[in-house]
Amino acid sequence: MNTPKPLTPPPARHAARWMGLGIGVLVVLSFATLELRWSEFLSAGAVRDMGRFAASFFPPETSSAFLKRTLDATLETLAMSLLGTLLAALGGIALALPASARGHENARPAAAARLLRLLTRGALNVLRSVPELVWASLLLIAAGLGPLPGTLALALHTTGVLGRLFAESIENAPSEPAFALRVRGIGAVRVFLFATLPQIWPQVIAYTLYRWENNIRAAAVLGVVGAGGLGQMLYYHLGLFQTHESCTVLAAMVALVALVDALSFATRRWLSR
Amino acid sequence: MLPTPAPQVASIARHDPALTSRWATVLLIAVLLWPLVVLTEFNPSVLFDARSLRSTGRFVASFLPPRSDAEFVWLLLHETWRTVAIATAGLTLAGLIAVPLALGASARLSISALARPMAAWPFALRSVLRATMVLLRSVPEVVWALLFVRVVGLGPTAGVIAIGITYGGMLGKVYAEILEASDPAPTQALLRNGSGRLQALLYGALPQCAAELVSYTVYRWECAIRASVVLGFVGAGGLGQMLDSSAKMFSGGEVSAILLVFIALVAASDRISAVLRRAMA
């Protein structure tokens, strides 16, 4: 008597099982190797300490001189995020052009163009994979303390992110308008301005707004390495255990982030009418 | 014979009818930009003055060669693993926070909303849960880490808790949204026929959105790795802390080695996450 072959699970489920196993091992190893001090964190004494620490933040400091300083730092943070994002949008477009495979739809691109594309893609990847805070800490050496290294750090990281997104937009845009201009002998700059840019413009705006929302969060914390704005104030006051002042700064941070989210949402609504 | 329109076409092609308004917009943006430049003390010439150029040059020149003796590489590998472990443990904690919040907040599992608008109490409870998630994620993880370093001391515990809290809020929000975007018919059919909420979730909503939920979680894991490097700068251990101390000592060889490892780590997690998400789709 021949027994029927046992059913094998479908390949997708098979893969999911291996994936689940791998994730489980990773999680267990992570908890096992980190010297986490849960007992210290969850013991009655620690909970009491934490409660006392949290309670010490209230009431927030509201003297007018301090509020003025907080407002200045808030404006500085806002300006850093705006200028950094704008610079990044310009830099992103500038790098996206050589990084995209545009203008060579029919012929194989020349070796120089391919090399340039490879190089710009590599540069965008490096810019993108180093976080803002790391850029800021490295730029401190060249630019000194203050909002300048913060702005530049935001601009560098965001250029990497936006450049890659813009390059994809350029590659996905229909190529006929650019081709129509190019065969009439119109120069590369005008082909870009009048054929490619109008097509990718909605995406450029959408991605830039989205990064602005991210950058306001990043700008708020860049100060912990000394790059200006609210983060620097928070780091300073927390370091001195001036918790009332820290509370005011934290409130300003949360309010600023909420404000920018609302503004960005409204702009997007207004643009997509 | 018709007159040829060619010269006219050429003159139209040469003239951009919207030129004035385009320049006006550029000018307006420039005027609006000026206060930003003042507020951020944006003066790139600082970068090029002789003293700063000299110190930058010395620092960058010391990048080569990256430090690669066995002791340092071993330490580097150890810290890299700690970075990954902090991200993984943090994300696990975030999942533990997010799943109950998302299940509570998702209107898809509301029984009272089946026939009529949701009753007052469930609606209030869902609003409270949503507000909790907003609160958790609106404070950046670096700030949570700064606060927890004060409580639990320097080390990975603060980093894990910070990632857990911020990402718990983010994951919870997105999980709830994914559940609510699923097709309501199966879940509602189960609920109407008397199944419990958990059964309706497991057999109605989850099969539809499991892939999307997993793929978003994997994407967040990738983000958590980047975040865990940053958290090192406030004393939560891992590559960030190492980079911070090396940069403060101006030891360029160490900085460049750490940066290289870091870029490789981000690229690898990027790739792993892309492969896993493609496999799920």
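Okay, chain A: this one has 11 helices and 0 strands. Reading along the sequence, you get the pattern α-α-α-α-α-α-α-α-α-α-α. The radius of gyration of chain A is 26 Å, well over the 19 Å that the globule rule gives for 273 residues, so chain A is more spread out than a compact globule. That radius is taken over C-alpha atoms, and the globule rule is 2.2 Å times the number of residues to the power 0.38.

Before I go on, remember this is a predicted model: local features need pLDDT of at least 70, side-chain atom pairs count only at pLDDT 80 or more, and totals for chains, interfaces and linings use all residues. Residues are numbered from 1 along each chain as its sequence is written, while chains are lettered from A and ligands numbered from 1 in the order in which they are written.

Back to chain A. Its C-alpha trace spans about 80 × 75 × 45 Å along the principal axes. How much of it is buried? Of its 273 residues, 40%. Buried here means 20 or more other C-beta atoms within 10 Å of the residue's own, exposed means 12 or fewer, and partly exposed is in between, with C-beta atoms placed from the backbone.

Now contacts, meaning two residues whose C-beta atoms, placed from the backbone, lie within 7 Å. Take the contacts in chain A between residues at least 6 apart in sequence: 74% of them join residues at least 24 apart.

Next, chain B. Here we have 11 helices and 0 strands. For its 281 residues the globule rule gives 19 Å, but the radius of gyration is 27 Å, well over that, so chain B is more spread out than a compact globule. Its C-alpha atoms fill a box of roughly 90 × 75 × 40 Å along the principal axes, and 37% of its residues are buried.

So what do the chains bring to their contact? Chain A puts in 49 residues and chain B 46. The chain A side has 36 nonpolar, 7 polar and 6 charged residues. Nonpolar covers Ala, Val, Leu, Ile, Met, Phe, Trp, Tyr, Cys and Pro; charged is Asp, Glu, Lys and Arg; the others, Gly among them, are polar.

Last stop: Ala268(B), in helix 11 (residues 252–280) of chain B. Ala268(B) counts as partly exposed because it has 13 C-beta neighbours inside 10 Å.

Key: Helix = DSSP H or I, 4+ residues; strand = E, 2+ residues; numbered from the N terminus.
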